[in-house]
Amino acid sequence: MATEAAHGAEEGSSLVFHPMDQFIVKPLFGGTDVHWYTITNVTLWMALTIVAVLLLMVLATSGKKQVPSRGQSIAEMAYGFVYKMVEDVSGKDGLRYFPYIFTLFMFIVFANVLGLLPMSFTTTSHFAVTVVLALAVFLGVTILGFVLHGTHFLGLFWVSSAPGPLRPVLAVIEIISYFVRPVSHSIRLAGNVMAGHAVIKVFAGFAAIAAVSPVSILAIVGMYGLEVLVAFIQAYVFTILTCVYLKDALHPAH
Amino acid sequence: MATETHDAVEGAAHAAESAGMPQLDFSTWGNQIFWLIVTLVVIYLILSKVALPRVGAVLADRAGTIANNIAAADELKQKARDAEAAYEKALADARAEAAAIVEATRAEASEKLKAATAKADEQIAAKAAESEAAIAEIRAGALEAAETVARDAAAEIVSALGFAAKDDEIAGAVSSRLKG
C-alpha cells in the first residue's frame, strides 16, 4: 500500500485509473501481435484452469477411497452437485450430456476463482470466451432438439395451451426470447466478472489517496468477498441455464 | 441495420482501443477462441476419460457398500432374533422334558412302591397263614394231648376206684365228654 501511495505521489497526486488494463490480452514471450496461435496470458490462465481441474478431479480422487479424503470429498461434492442439477432440471435423459455440462461448470468455476488471484487474468471476463461457451450451448441444444424431435421441436414456440388467436403473437415472443438466450447467457457471465474486477481496481486506485485509503481497502475486502460469491454463483447460473435449455431440447412440449 | 451494427461494433472496437475496453478488441478474439476450444477439449477429455468414471465408480461403490452393510445388519438382526427364538424353544423343550422325566420317575416309583407293598402283603399273608397252620397244629396237638391225658387219667381213676373197665369204653366216654 505504501508503495502504491508513493506511486500515486510520483504521478503528481492526480488519480490514475486503469481498471481495464487487467483485461488486456498480451503475448507472454515478447512481441505485440496477437495471432490466433500466439501464446498469451489467455493461454497461461486457461492452462492453469486445466491444471486446477486435474488437481481436483484426478489427483485428489486418485485414492478412490471409500471414506474420501478432503480433496476427494470436494471432487465428489462437485460431481454430485452438477449431477443432481442435470437430473433435476433436464430429467433422467439429460444425464447423457452430463460430461459436457460438467466440463462447462468446471471450466467456468475455476476460471472465475483463478481470476480472483491478485495479478491474475480472468479468462471468463472476455466476451470472446463467454460468447463461444453460450453459442456452443445454443447451437448444441438447437441441433439436438431438431435431431431428436425433427419439426416437432418447433412446438417449443407454439404455446398450445394458450387461446387460439394469442398463439402467433406468443410464437413471435417465444422465438425472440429463444434467440436472445445466447446473448444474455454470455453477457451475464462476462459482465458480472468484468464489472466486479473493474470495481475492485477502481477502489484500488482510490487507495492512493491517504485520507480515503482505509475506506477504500475495506471496500476492496468487501467487494472481494462478493466476487468470490459471484464466481461460484455465475458458474452455477450458467450451468443451470444450460440444463434448462437442454430440457427444452429434450422435452420441447409446453 | 446490419451495416449499422457493424459500424457500431467497429466504432466500439476503436473506442475500446482508445478508452480501454479490451473485451471489444476483436483482434484478440481469434486467439482467445482458439485457446478456449483447446482448453475445453482437454478438460472434457480429462473429465470424461478419467475423472467422471472414477468418481462415479467410487460413489456407486460406496452406495453399494452402504446398502450391503445395511442388508448384513438386517440379516444379523434376523439371526439374533432366530437365535433367541431357538433358545426360547430349547428352554421350553428342556422344561417339558424335565417335567416328563419327573412324571415318569414318579410313576415308576409309585409302581415299585405298589409292587413292593403287594409283595410285602403277600409275604405277610403267607407268614400269617403259616403261623395259623402252626397254631392250628399246635392246638390240635394240644387237644390230642389233653384227650390222651384225660383218657389216661380216667383209666387211672377208674382202676383206683376198683373198677375194671375196658380201654375203648373209657376212650369213648372221655371223647364224648370232651366234645360235649
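Across the interface of chain B and chain A in this predicted model, the rule finds one salt bridge. That bridge joins the side chains of R62(B) and E76(A), with a nitrogen-to-oxygen distance of 2.8 Å. A search of the whole structure, taken over all chains, finds seven salt bridges, and the R62(B) to E76(A) pair crosses between chains, running from helix 2 of chain B to helix 3 of chain A.

**The interface between chain B and chain A**

- The contact draws on 45 residues from chain A and 34 residues from chain B, and the area buried between the two chains comes to about 3,600 Å², with carbon and sulfur atoms giving 76% of it.
- On the side of chain B, the residues Q23(B), Q32(B) and R54(B) supply 17% of the area that this chain buries against chain A, which is more than any other three residues provide.
- Polar contacts between chain B and chain A number 13 residue pairs, where both residues of a pair are at pLDDT 80 or more.
- By class, the side of chain B that touches chain A is made up of 20 nonpolar, eleven polar and three charged residues.

- The contact of helix 2 of chain A with helix 2 of chain B contains 16 nonpolar residues, together with five polar residues and one charged residue.

**Architecture of chain A**

- Chain A holds seven helices and zero strands, so that, when read along the sequence, its pattern is α-α-α-α-α-α-α, with each symbol standing for a helix.
- The C-alpha trace of chain A spans about 70 × 55 × 40 Å along its principal axes.
- Within chain A, helix 6 (residues 166-206) and helix 7 (residues 213-250) have axes that come within 10 Å and cross at roughly 175°.
- Since an angle over 145 degrees counts as roughly antiparallel, helix 6 and helix 7 of chain A are therefore roughly antiparallel to each other.
- The residues in the contact of helix 6 with helix 7 of chain A divide into 16 nonpolar, seven polar and four charged.

**Loops of chain A**

- P19(A) lies in the loop between helix 1 (2-10) and helix 2 of chain A, and, leaving aside residues up to four places away in sequence, P19(A) touches A198(A), K201(A) and V202(A).
- P19(A) and I200(A) are 181 residues apart in sequence, whereas their C-alpha atoms are 8.1 Å apart in space.
- K64(A), which is not a glycine, has a positive phi of about 50°, and its place is in the loop between helix 2 and helix 3 (70-90) of chain A.
- M119(A), also a residue other than glycine, has a positive phi near 70°, and M119(A) is found in the loop between helix 4 (98-114) and helix 5 (127-149) of chain A.

Notes:
Residues are numbered from 1 along each chain as its sequence is written. Chains are lettered from A and ligands numbered from 1 in the order in which they are written. Side-chain values use heavy atoms; hydrogens and water are left out. Contact means heavy atoms within 4.5 Å. Buried area is the accessible area (1.4 Å probe) that two parts lose on being put together, summed over both. A salt bridge is a side-chain nitrogen of Lys or Arg within 4 Å of a carboxyl oxygen of Asp or Glu. A polar contact is a pair of N or O atoms within 3.5 Å; within protein, one must be able to donate a hydrogen and the other to accept it, and residues adjacent in sequence count only if both atoms are side-chain atoms. Ala, Val, Leu, Ile, Met, Phe, Trp, Tyr, Cys and Pro count as nonpolar, Asp, Glu, Lys and Arg as charged, and the others, Gly among them, as polar. Axes are lines fitted to C-alpha atoms, for helices over the stretch in contact, and angles run from 0 to 180 degrees between N-to-C directions. Helices (H or I, at least four residues) and strands (E, at least two) are DSSP runs, numbered from the N terminus. Angles under 35 degrees count as roughly parallel, over 145 as roughly antiparallel, 65 to 115 as roughly perpendicular and the rest as oblique.
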